[in-house]
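Please read this briefing alongside the sequence and the 3D model.

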Amino acid sequence: MSDKQDVTFAVNGDERMIRVEPRRSLADALREDCGLTGTHLGCEHGVCGACTVLLDDKPVRSCLMFAVQAEGARVRTVEGLASGDKLHPLQQAFWDHHGLQCGFCTPGFLMLAVGILEHDPDIAEPELREALSSNLCRCTGYQNILKSVLAAAAEMRK
Amino acid sequence: MRWIGRPLPRYEDPVLLQGRGRYTADLAQGARILRFVRSPVARGRILAVNAPPGVAIVTAAVLGDVKPICPRLDRRDYVPVAQPILADERVTYVGEPIAAVIADTAAEAEDLAEQVTVEIAGETPVVTLDQALAPGALLVHDMAAQNTLIDARFETPGIAAALAAAHQAVEFTFTSGRQAAAPLEARGAVAAFDSATGRVTLWASTQMPHLLRTGIADALGIPESELRVVAPEVGGGFGQKMALVPEYVVAVWAARRFACSVAWIEDRLENLTASFHARDQRLHMRGAFDAEGRLLAIDADVLCNVGAYSNFPATCGVEPLMALADMPGPYRVPEYRARARGVASNTCPMAPYRGVSRPVITAAIERLMDCAAARLGLDALEIRRRNLTAEFPHTSVTGVVHDAGSYREAMEAAARVVDFAQFRARQQTVRADGRWLGLGISVFAERTGPGTPAFAARRMVITPGFERVELVMDPSGFLEARIGSSPHGQGLKTTLAQLIADEIGVAPGEIRVVAGDTDRTPYGWGTFASRSLVIAGGACKLAAATLRERLQAVAGQILEAAASDIEIDDGRAFVRGTDLGVEVRQLARAAYHQSHRFPAIAETGLSAVATYDPYGTFSNACHVAIVAVDVATGQVEIERFVVVEDAGRLINPMIVEGQIHGGVAQGIANALYEEVVYDDDGNILTGSLADYLVPTMAEIPRLEIHHLETLTEASVTGAKGVGEGGTIGAPAAVLNAVSDALAPFGVGIFEMPITPQRILQLLGEAGRKAQ
């Protein structure tokens, strides 16, 4: 278990090399080896989606992947969304439309939504609703998450 | 410029949106990791706890004289039971902590915990209400005869006559499954020992930092000053995090014993099995109506399966006593009899969960109304019109005082929004195509912001209620409001800043609200019972009014005018009707650095303290659900959901609606999806979020919200609480709608969650009966 392996990957555009046990999940590696605690763990069994990050631009559950599987990949987390002081349109929309309450599920929803909208900027509401139902939120009843993502989609199409 | 009433974006959000919020697990870097060894069986005698060779583990024996958790009510009908921090002789539910291990990493701690073996002589557990109450049932606790931890009664003298005189009597048994609050962030604690001061700082995912400090200090027998409790960002609580838990006591104990930092980060399995549950209730209801549909009496027998222990500080009385006192809800109930019992079982203990009993009693009462209406040939609106309280203040049969509300108006407004007549026509039309639509309504009053009088009436030995606020302006003119409430997602810091801003005349962006740190805030009770806006908000307003007077005194001195002629707006103090003025920032600078000029504020400077302890105030609402039931699959789809809410004055309407959204989603979950299931041996079958079905965006429909604003004198800000109403009202509306859809089949719903399997089962039974 303790034979550590080197993993080299790009996190939010920065090349990183970490040494981890093969059993280390990508989520734990991001949180503990890279110090990026914005990626949250809500269930560690792949249901809640709070740990969603983008791996080569696709949303993945970072709790269901080993860090070693991310070798050579490009990983994007919530910490990489804003450009300096300027929030990403999704972050701005979540702020404007009260798309978060306790904020624990928010990084996962943001990364999921980034993945969805980058893949399909014109996604229709029913398909968007279906795609966003991948993740759980316990505070908002999803009303303002949907509203926020729709508003961001419109903004990003401009 | 006025700030109250604006949908101001939250000051809390930028940090959270960028992943910079610090939740408890984010603070665990460098700490040693604590892992609990939990009981694999529901009931038994511990024969041995074996540590792996060469490993020191923490057991009850090692903890020595650490005191158990023993929550108390000052009532003869209540039996206090003491919960050991770690199980010593017996285990009483699956998941009960027996031992703890400490390792350098989470993975190593898990490995170690798996190597601890526990030998238990298993016994047949008492899992259900029926098992616990059966004659000769095994006792969960020897001192609690018939497994009854609380047995409260209420009876008016005329009850028997009223029941006998009934034109219509409606009687049924209503059941609610067990729910878990399931906050997205599970519980967690980081306890750090400081060798310089000998103090421990505990960061914990809690709703009540001060009470946690009291509870832990009492358990360890140390002065409270040796412990600082901080609630950092908290990822939802919903009541589950308003109790003292053994794990936190062990964390603080270990930090002191080993002079280090230790962290316990709960996993989801632990959270679903060994944190707290709620709602496992069965109500036997009897309602007596006269020929016009007026309610004459309610006779209710309330049974709550409260699990193995009582929670601190609310106790296991929280659900039964809420049901007993608040059963009549928004209706005039002349005669009332109720018995409400909290029954112990070998299951996970109960804690308050958003709504506390009221989702269940509201569903039962609203089903009662619909059943009586059907018998009497009245519609759902008419029977409620004849029974809703319309005169305020209204004192209920149990002595609870309802302040001004809009019970009937909210229902009539909802009826206008939905257009019942048009729905009935459509319902008829689509039935021909085999589509079964139903409409259900739910009218309720939500007691919010209860102060000490409400909790004293429950006879809690620890009586929560007041809130104290310290408001300080610093020399640069910025304000800090230190509150005892402990928000965890509600946006309270933004809302309170809006309240204070208007009271003083400054911008809310210049006000920092400090919460959740026992070293930084006055002793308070935390955030629960829809209380923080009402009570901490009230205290903020009172403190701000005093501080404004102090600023007026300083400004009067500087501007050579009477303090009473000074107005403050947009950060500037000026003599009314003139352009003679001075910036608040200059006042602040002068008040500190030339204090000799301002004898009027010599004692206090630019600070103010206020305490608010109201009786409480009632929000009210009407929910309407329109559902489609697929009778082939049992699937329920919510087509439309309307809420007409009266939460008094809206300070931040966007935040208020957010509270309603989240509450309704949890209520829909109660009605249709979520249930903690135990097998006969007391094992939990719903230990993951793949089994315990928290609804997703696919299940929660668009929610339409409309507001009424009854201004009340029961709250100094005019605001009523709104944290729980969504959860309280939604189940009743959904169940009434499903019952309405299935009425042609002779099916009525008296249980929740009403899952597809249960609907099919009821349709099958009804079909067999019809043959």
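The points below are grouped by topic.

This is a predicted model, in which local features need pLDDT of at least 70, side-chain atom pairs count only at pLDDT 80 or more, and totals for chains, interfaces and linings use all residues. Residues are numbered from 1 along each chain as its sequence is written, with chains lettered from A and ligands numbered from 1 in the order in which they are written.

**Contact between chains A and B**

- Chain A gives 42 residues to the contact and chain B gives 42 residues, where two residues are in contact if their C-beta atoms, placed from the backbone, lie within 7 Å.
- On the side of chain A that touches chain B, the elements giving two or more residues are α2, α3, α4 (125-132) and α5 (143-157); helices (H or I, at least four residues) and strands (E, at least two) are DSSP runs, numbered from the N terminus.
- The largest share of that side of chain A, four residues, comes from α2(A).
- The residues on that side of chain A divide into 20 nonpolar, 15 polar and seven charged. Here Ala, Val, Leu, Ile, Met, Phe, Trp, Tyr, Cys and Pro count as nonpolar, Asp, Glu, Lys and Arg as charged, and the others, Gly among them, as polar.

**Helices α2 and α3 of chain A**

- Helix α2 (residues 89-96) and helix α3 (residues 106-119) of chain A pack at an angle of about 130°, with their axes 10 Å apart. Axes are lines fitted to C-alpha atoms, for helices over the stretch in contact, and angles run from 0 to 180 degrees between N-to-C directions.
- That angle makes α2(A) oblique to α3(A) (under 35 degrees is roughly parallel, over 145 roughly antiparallel, 65 to 115 roughly perpendicular, and the rest oblique).
- From α2(A), A:L90, A:Q91 and A:F94 meet A:T106, A:L110, A:A113 and A:V114 of α3(A).
- The residues of this contact of α2(A) with α3(A) divide into five nonpolar, two polar and no charged.

**B:G648**

- B:G648 lies in the loop between β26 (636-646) and α18 (653-672) of chain B.
- B:G648 counts as buried because it has 30 C-beta neighbours inside 10 Å; a residue is buried with 20 or more other C-beta atoms within 10 Å of its own, exposed with 12 or fewer, and partly exposed in between, with C-beta atoms placed from the backbone.
- Leaving aside neighbours within four places in sequence, the contacts of B:G648 include B:E709, B:T710, B:L711 and B:K720.

**B:Q771**

- B:Q771 sits in the segment after α20 (756-770) of chain B.
- B:Q771 is exposed, because 4 other C-beta atoms lie within 10 Å.
- The C-alpha atoms of B:Q771 and B:V722 are separated by 48 Å, and the two residues are 49 residues apart along the chain.
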